[in-house]
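Biologist: I have the sequence and the model open side by side. Could you walk me through a few places in it?

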Amino acid sequence: MKKHILSYTAIGVSLLMAMACRPSLDEFTPSAGNANFTKYIAVGNSLTAGYADGGLYNEGINYSYTKLISQQLSSVGGGSFVVPSFDSGQENGSGYVKLDSIVVTTKNGISSTKPYINPITTSSAIVGKVSDPFGFGVSVTVMTPYDVSQKGLNNFGVPGIKLVTAFPYTPLGNATQTASATYYGDLNGYYLRLLGGTNADGTHTTPYLNFVLDKGNKNKSGDAEPYTFFSCWLGNNDALGYATGGGADPTALTDATLFGLMYDAAIKSLTNNGTTKGVVATIPDVTSIPYFSAVTAASLSAGVQVAMNTTATIDIYVYDTSTGGGRKATSSDLIILEFPTSKLGSLTEALGAGLYPYGMHPSNPIENKYVLDPTEQATVKGAVASYNTTIKSVASKYGVALWDANSYMATLKATGVVENGVGISANFISGGAFSLDGVHPTPRGAALMANQFIKAINSYYGANVPLLNVASYRGVKMP
Amino acid sequence: MKTKWTTGLLLALPFSVFSQGFQVNLQGQKQTAMGGAGSALTEDVSAVFYNPGAVARLKENGFMLGGNVTMAKVAFQESGNSTVYQNENKYPTPFNAYGVWGPKDARWKLGLGVYTPFGSTISWGSNWPGNNILTSMALSSIYIQPTLSYLLSEDISIGAGFVYNHASVDLQKDLPVINSDGTTPGHTRLKGTGYGMGYNLGVHFKLADDCNFGVSYRSAVKTKVKDGDMTFTNIPTSLASSFPTGTTFNSTLALPDVLAVGFSYDRNPKTTYVFDVNFVFWSTYKNLTFDYNQAVAGKLSSTSPQNYKDVVIFRAGVQHKYTEKFALRAGAFYGLSPVQDGYVAPTTPDANRLGLTAGIGYKVSSKIHIDASFMYQYVKPRTQKNLETGLSGTYASHIYIPGISISYKL
């Protein structure tokens, strides 16, 4: 009997031990493939910098797609990734906007929804403003400088930068381009900040690309330490500025031939003529962003009906570039998010034909700068298509990975995507991907982008960089 | 007054997935210890469940009380990532109680069974990639089954039972909305009870002194959950109208019908072999729909395709009576998964599974018997991308189920 008790005890104990066993899974082995992520630098514009909600502030900087990529690279040999955060006490940087309330008004069965979005100006890093220092029609916001030599820098993203302002390109002999790229440090407060500048005084003449190649290839002490991997997402602003200006300024659109030449030159430099590895991305069709879809002629019309407490048909009129007069707005006209709705209906004189209610009469249509009409849309789409042809061929020429952001963003707009049970779309506020400026991503949108870059890197370099759980990043903060 | 802003569109917001209820095959310790086979057995009063047709063949009246502890250890690894997530420890306790009575030497017997043939409990918490799909689920069903069995002849007996099912569901998940403080995600919970009805039929053949054959059929039980409560917490004020308080839901759980065919063979007076095949007709489970009493995120109902398929489970076991008082049992089963590719979800991390079982029986006296069993289930790792939620990864499970019962023979 004693023997029995012993063996039963043994059986019991081993069963109890077995029951503690959890299944193990080992389906993924991180690997850098044939890339080297020891020192990753990021080159680009506001998207790269982490600009969000209409400003550059620390939360956005820390959730930029580039910062998120760098976090994932850490398990495959990636080193530290220094972002130009604002100092404590100035963490709101340039300031940004937040959503305070959403008011739905319904009258006579017609509903109008208005989000109240207001600026945050506390804890700002802004120290001054310089109004149009060099006659380019650009005002410069000066912020507390960032000390690259003391803190280091891996994220070189500069909000607002275009490919054409990234470096002077002399072969085409365009004086304006050369000047604006040479003096870019004195024309863009975000770049001025990285250059350590305290005033837009005409002394900051290091072109952006030179700055990247210089600082990116050195460590903090100034000794040589070349970057081993780069991401470059430049070119969005070469089309975006034209579009957000309602197509009113054709010169805001970078010439496709110049874009082609300059993109080749930029990637040639960044890859050290095809030897350094990296990843680039195409330019999304600018009309895929909520900046152009949140406000429509129908929503304006409903807004007026509710405000005037009427069910009568309200026609909205927009300026037509081809006729030089007003015409009825259609659903094909893209009205920008920043259109000041308070203007609607105000009695003003526009086309020299007397006083008419703004936007509601053919003689006083919504101005060109607020509307991207179908002709202008075709212009910008054509330019973007041409840029993207360049980007794809240059990527393959210098052997870097490519994410086709254009086709991905088109899907996001058309059908949305579902990530771990969370639906994400290009809708304003509710879509979750875009921040309150309607152009730049939320942390959730940035995580989507980071994953797409990582997938491109993994497939091109045979790497296994782990992906992010997009669903765990926030969309728009709701009041 | 300006902006087109679609309030409701947070795609896939309402509970889009839920269910299967694993089939719980733990209705008797003897059968459980023998791989779950037992349609042909006339060993004890759990025949009320395994084959109502065998009840009339039972030698004595009696009753029995049993229970198990289900310890499911589930691991999940998201595709493209190294992190492995483990479910939280939750130990549901399926139970059963049976009583059988009939006049001595009569051809009929009455039986009553209370048991839990479907149920599932899984908890993942909020710190895993599927937290917007499921954070926890508790699904249980209690069948109450009065039964009448009749001995047609020396060799053939039949039985039938009526089934009343009381079910409860409790599902929770996070919602992808964030307050202005930027820290607290929304959360929702569906909680309700329901009932359904069905029946059992069985026939038992004594083929020879040492050979028995049994067939039992347990009908599908459509269980309706009515006026369950759907609650929302941490919803930002501006979205309150999309996630209204006082929301109730109705839904139907399609618990499938099961056909069991079993055979037993007494090699000698001490050793018995049992074999069973179960056909589980899960294909009735096409969709899971929740109807709401008011619009939730702009919708009055949500439907989630499930598209289960019919499956077969093979079972075999052996019992050896060492002494008059002491018996050892062992067995195994292999079950195919009803969940098709593309539909594997956190609620149902299901795959083909192998079960190994063992148990002992001890007669304390001629009236009191104690049986204990232990089941181990190995659920094959399965890598899947869910078509509806996009959650992509590998699930693996180990399930340990000890159990014990006590029987009293009148």
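Biologist: Which residues does Gln145(B) touch, leaving out those up to four places away in sequence?

Modeller: Bear in mind that this is a predicted model. With those sequence neighbours left out, Gln145(B) touches Val48(B), Phe49(B), Pro52(B), Gly111(B), Leu112(B), Gly113(B), Tyr115(B), Gly161(B), Phe162(B), Val163(B) and Asn200(B).

Biologist: And is Gln145(B) buried or exposed?

Modeller: Gln145(B) counts as buried, because its relative accessibility is 0%, and its place in the chain is in strand E8, which covers residues 136-151 of chain B.

Biologist: What does the side chain of Gln145(B) make polar contacts with?

Modeller: One polar contact goes to the side chain of Tyr115(B), at 2.6 Å, and another goes to the side chain of Thr147(B), at 2.8 Å. Tyr115(B) is also one of the residues in the list of those that Gln145(B) touches.

Biologist: Staying in chain B, how do E19(B) and E20(B) pair?

Modeller: Strand E19 (residues 326-335) and strand E20 (residues 353-363) of chain B pair in the antiparallel sense, over 10 bridges. As an example of one bridge, Arg329(B) has Gly359(B) in E20(B) as its partner.

Biologist: What about E20(B) and strand E21 of chain B, then?

Modeller: E20(B) and strand E21, residues 368-385 of chain B, also pair in the antiparallel sense, here over 11 bridges, and Ala358(B) stands opposite Phe374(B) in E21(B). These two strands, E20(B) and E21(B), form a hairpin with 4 residues between them.

Biologist: Where is Asn234(B), and what is its phi?

Modeller: Asn234(B) is found in the loop between strand E12 (221-233) and strand E13 (247-255) of chain B, and it has a positive phi of about 55 degrees although it is not a glycine. With a relative accessibility of 37%, Asn234(B) counts as partly exposed, because that class lies between the 20% limit for buried and the 50% limit for exposed.

Biologist: Switching to chain A, how many helices and strands does it have?

Modeller: Chain A has 14 helices and 17 strands, and its C-alpha atoms fill a box of roughly 110 × 60 × 45 Å along the principal axes. Of the 479 residues in chain A, buried ones make up 55%. Among the contacts in chain A with a separation of 6 or more, 70% are between residues 24 or more positions apart.

Biologist: Why is helix H4 of chain A described as largely enclosed?

Modeller: Helix H4 (residues 65-73) of chain A is largely enclosed by the rest of the structure because 8 of its 9 residues are buried. The buried residues in H4(A) are Tyr65(A), Thr66(A), Lys67(A), Leu68(A), Ile69(A), Ser70(A), Gln72(A) and Leu73(A).

Biologist: What do those buried residues of H4(A) pack against?

Modeller: They pack against strand E1 (40-44), helix H2 (46-49), helix H3 (58-62), strand E6 (229-233) and helix H14 (443-461), which belong to chain A.

Biologist: How much space lies in the largest pocket?

Modeller: About 1800 Å³ of space lies in the largest pocket. It is lined by 49 residues, and the closest to its centre are Val138(A), Gly160(A), Asn237(A), Gly241(A) and Thr244(A). Two or more lining residues come from each of strand E3 (110-120), strand E5 (140-143), helix H6 (175-182), helix H7 (189-194) and helix H9 (236-244) of chain A, with E3(A) giving the largest share, 6 residues.

Biologist: How do the residues of that pocket's lining divide between nonpolar, polar and charged?

Modeller: The lining of the largest pocket divides into 23 nonpolar, 20 polar and 6 charged residues.

Biologist: And how many cavities of 30 Å³ or more does the structure hold?

Modeller: The structure holds 11 cavities of 30 Å³ or more, and the largest cavity has a volume of about 180 Å³. Of the 18 residues that line the largest cavity, Leu47(A), Asn236(A), Pro284(A), Ile289(A) and Val439(A) are the closest to its centre. The elements of chain A that give two or more residues to this lining are H2 and H9, and the largest share, 3 residues, comes from H9(A). By type, the lining of the largest cavity divides into 11 nonpolar, 6 polar and 1 charged.

Note on methods: Residues numbered from 1 in each chain as written. Chains lettered and ligands numbered in written order. Predicted model: local features only at pLDDT ≥ 70, side-chain atom pairs only at ≥ 80, totals over all residues. Heavy atoms only, no water. 1 Å grid on protein atoms, 1.4 Å probe; cavity = no way out; pocket = protein on both sides within 12 Å on 5 of 7 lines; lining within 4 Å. Points joined across faces, edges and corners; volume = space filled by probe spheres on them. Nonpolar A, V, L, I, M, F, W, Y, C, P; charged D, E, K, R; others polar. Buried < 20%, exposed > 50% of the residue type's maximum accessible area, 1.4 Å probe, protein only. Polar contact = N/O pair within 3.5 Å; in protein donor to acceptor, adjacent residues only side chain to side chain. Contact = heavy atoms within 4.5 Å. Pairing = 2+ DSSP bridges.
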